[in-house]
Amino acid sequence: MKIACDVCISNRSIKFLTQKGFEIVLKAAAGQPDKEWFAAALELGATVFISGDADIAYLVERQYDKKIKWVNFAGLAYDEGKVNFWLMDRLNQLKEVWGL
């Protein structure tokens, strides 16, 4: 599974996921247009997009011919790292259910 993270995903969370064996291929830059970031992530082989932005969900939906998924990460507090385990569990569920 190759993962693209929106700008709202902290570097701490990205480091945690990387240490747990997940491959983060791209993090959106601050102010980067959604379509630009999305296209760049697809070019890098991203199959999962983590974002709280509904525009990303729409872009994922438009790619119906590709096996990609969106993880809604809207407004989740870091909460001393608990959010990292939530993300890890969600990504593991995607792996199990969708074979990513």
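Biologist: In which order do the 4 strands of the open sheet stand, and what is the pairing?

Modeller: The order is E2-E1-E3-E4, and the pairing is parallel. E2 and strand E4 (69–72) are the edge strands; each has a single partner strand, so one side of each lacks a neighbour in the sheet. From one strand to the next, the twist averages 25 degrees. This is a predicted model, in which local features need pLDDT of at least 70 and side-chain atom pairs count only at pLDDT 80 or more, while totals for chains, interfaces and linings use all residues. Residues are numbered from 1 along each chain as its sequence is written, and side-chain values use heavy atoms, with hydrogens and water left out.

Biologist: Why is Ser51 called buried?

Modeller: Buried means under 20% relative accessible area, exposed over 50%, and partly exposed in between (1.4 Å probe, protein chains only). Ser51 has 0% relative accessibility, and therefore counts as buried. Ser51 lies in strand E3 (residues 48–51), and the residues that it touches include Cys8, Ile56 and Trp70.

Biologist: What makes the pair of Ser51 and Asp6 a polar contact?

Modeller: A polar contact is a pair of N or O atoms within 3.5 Å; within protein, one must be able to donate a hydrogen and the other to accept it, and residues adjacent in sequence count only if both atoms are side-chain atoms. The side chains of Ser51 and Asp6 make such a contact at 2.6 Å.

Biologist: How do you know that the buried residues of H2 are on the same side?

Modeller: The buried residues of helix H2 (residues 34–43) are Asp34, Trp37, Phe38 and Ala41. Their arc around the axis is only 100 degrees, which puts them on the same side of H2. The arc is that of the directions from the helix axis to the C-beta atoms. The face of H2 turned away from the buried side carries the exposed residues Lys35 and Glu43.

Biologist: Why is the link between Asp79 and Lys82 called a salt bridge?

Modeller: A salt bridge is a side-chain nitrogen of Lys or Arg within 4 Å of a carboxyl oxygen of Asp or Glu. In Asp79 and Lys82 the closest N and O atoms are 3.9 Å apart, so the pair meets that limit of 4 Å. The structure holds 1 salt bridge. Asp79 is partly exposed, at 42%, whereas Lys82 is exposed, at 55%.

Note on methods:
Helices (H or I, at least four residues) and strands (E, at least two) are DSSP runs, numbered from the N terminus. Contact means heavy atoms within 4.5 Å. Two strands pair if DSSP finds at least two bridges between them. Axes are lines fitted to C-alpha atoms, for helices over the stretch in contact, and angles run from 0 to 180 degrees between N-to-C directions. Lists of a residue's contacts leave out its neighbours within four places in sequence.
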